[in-house]
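User: I would like a close look at one part of this model. Please keep it brisk and define terms as you go.

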Amino acid sequence: MKTVELYARVRYAVMIEGISERAAADRFGINARTVSKMLKFSVPPGYVRRKPPFRPKLDGFTGIIESILAADRDRPKKQRHTSRRVFERLRDEHGFTGKITIVKDYVAGWRQRTQEMFVPLVHPPGHAQADFGEAIGVIGGVECKIHFFAMDLPHSDAIFVAAYPAETTEAFCAGHVRAFSFFGGVPKSILYDNTKIAVARILGDGRRRRTRVFGELQSHYLFEDRFGRPGKGNDKGKVEGLVGYARRNFLVPIPVFESFEALNAHLMDCCRRRLSDCLRGQDGTIGERLKRDLAAFQTPLPAPYDACEKVTTRVSSLALVRYRRNDYSAPTAYGHQKVLVRGYVHEVVITCGAEIIARHPRSYEREDFVFNPLHYLALIEQKINALDQAAPLADWKLPEEFVTLRRLLEARMGKKGKREFVQVLRLMEVFKIDDVAAAVRDAIARGAVGFDAVKHLLLCRIERRPPRLDMTIYPYLPKATVATTSARSYMELLAGEAA
């Protein structure tokens, strides 16, 4: 007979039929004290411990165990004590003589009792949370780590995700600019972790000292910042969940794209499609609830912030500017001058005063050299012997006609031909390489091998006018005949003037 059924029959016999507890014990073949317990509870109460268990070998060491486990809270998760390691320390350092089983049971009970509890939260419209996540992808045929910026609106669950080559200051700012543009407004406040991009220092009273760039971003868009507790990712649980959601749903299988721009177009489509989803326990779709967020946003949306990192430095004697461990070239005319470097996600811009003197694609390598060969041509023209060993020109892929032109110039003019070749290259400081290459081809075809000829043909091409006339291609024009002048003709001319 099942225990619950026996309970019911015993209780019915005593409390309804009115037999004694002793008679009930005899009828059902159980102890009289068991009948008394059954009358106290309508269902079996289970085992109830009246006093704590007695552990003579462990009780003297529980304080040590708890101190070890409490200290682990401030340690990396992968370097915290296991139950076995706690047992080994008790045995080796404190003379514990018990077995590992009672230590394991105590550690498991302590961890269960001390697990953190949370309060359900309500999220008013108009606020956001932001964070970075990581994933693997293939960009331009190269497998690399992707750092993606994620922003979540907890009220509506609307999201924005954008990928970048690195988690840098400029990516942080560019992510905000694109997120605000995607949502169509600026949230009242944004919750962050204590990233070094935004927080320069946490002061003793818990206040944060912001970085200069984050202060500029905040001043431009006028949103309030909030920060979670150090090491407590659950303080911004919405965006923490978004990071995992985006990785599982948007970046699986491993994304393969030609560029980060193409990847970000895919991520933006994913965010837009999610607006039609209706989440469990919510009234309406994400897009419908987003309208309440937008109504609480700051309006109007200001002009986009210049999302870059600004660094002041000097041009070296090699016409190089160092930014983030890489060297970028500048025109040699600006050597030793003070310049401002603006580092964007995909570009590095160098300015001197109000003038932009160089633009380069951003390199995320270390100790890399990024040259623009045009920056060095003026100096190479003066130091022509450096032409064949100039590092900025080593990987410069020029059309084949330039190689032919140099060979012809040097064959005809020697060292002076090298200088004229550099002068031809310098035409690309002003004109497009395709136009210069076309003028070089035209000059070689005409047998006019020289800088002046190339320049003349280039200007004629740009100005859409014919070059110096070649009479063989204009047969309808009268042909001019030039005879050799004789003394007799000259005297006849003089006689005619005298008459």
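Which residue in strand 2 stands opposite Asp-131?

Analyst: Asp-131 faces Ala-150 in strand 2. Some ground rules come next. The model is predicted, with residues numbered from 1 along each chain as its sequence is written, local features needing pLDDT of at least 70, side-chain atom pairs counting only at pLDDT 80 or more, and totals for chains, interfaces and linings using all residues. Side-chain values use heavy atoms, leaving out hydrogens and water.

Strand 1 covers residues 127–139. Strands here are DSSP runs of E with at least two residues, and helices are runs of H or I with at least four, both numbered from the N terminus. Ten of the 13 residues in strand 1 are buried, so the strand is mostly covered. Buried means under 20% relative accessible area, exposed means over 50%, and partly exposed lies in between (1.4 Å probe, protein chains only).

Now the partners. Two strands pair if DSSP finds at least two bridges between them. Strand 2 (residues 142–153) runs antiparallel to strand 1, and eleven bridges join the two. They form a hairpin with two residues between them. Gly-140 sits in that turn, with a positive phi of about 60 degrees.

Strand 4 (residues 189–192) is parallel to strand 1 and is joined to it by three bridges. There, Gln-129 stands opposite Leu-191. Strand 8 (residues 256–257) also pairs with strand 1 in the parallel sense, over two bridges. Val-138 is set opposite Val-256 in that pairing.

Three strands make an open sheet in the order 10-11-15, with mixed pairing. Its edge strands are strand 10 (320–323) and strand 15 (369–370), each pairing on one side only. Strand 10 pairs with strand 11 (residues 326–329) in the antiparallel sense, over four bridges. Tyr-323 stands opposite Asn-326 in strand 11.

Finally, two helix residues. Ile-16 belongs to helix 1 (residues 3–17). With a relative accessible area of 58%, Ile-16 is exposed. Arg-33 lies in helix 3 (residues 32–40). Arg-33 counts as exposed because its relative accessibility is 65%.
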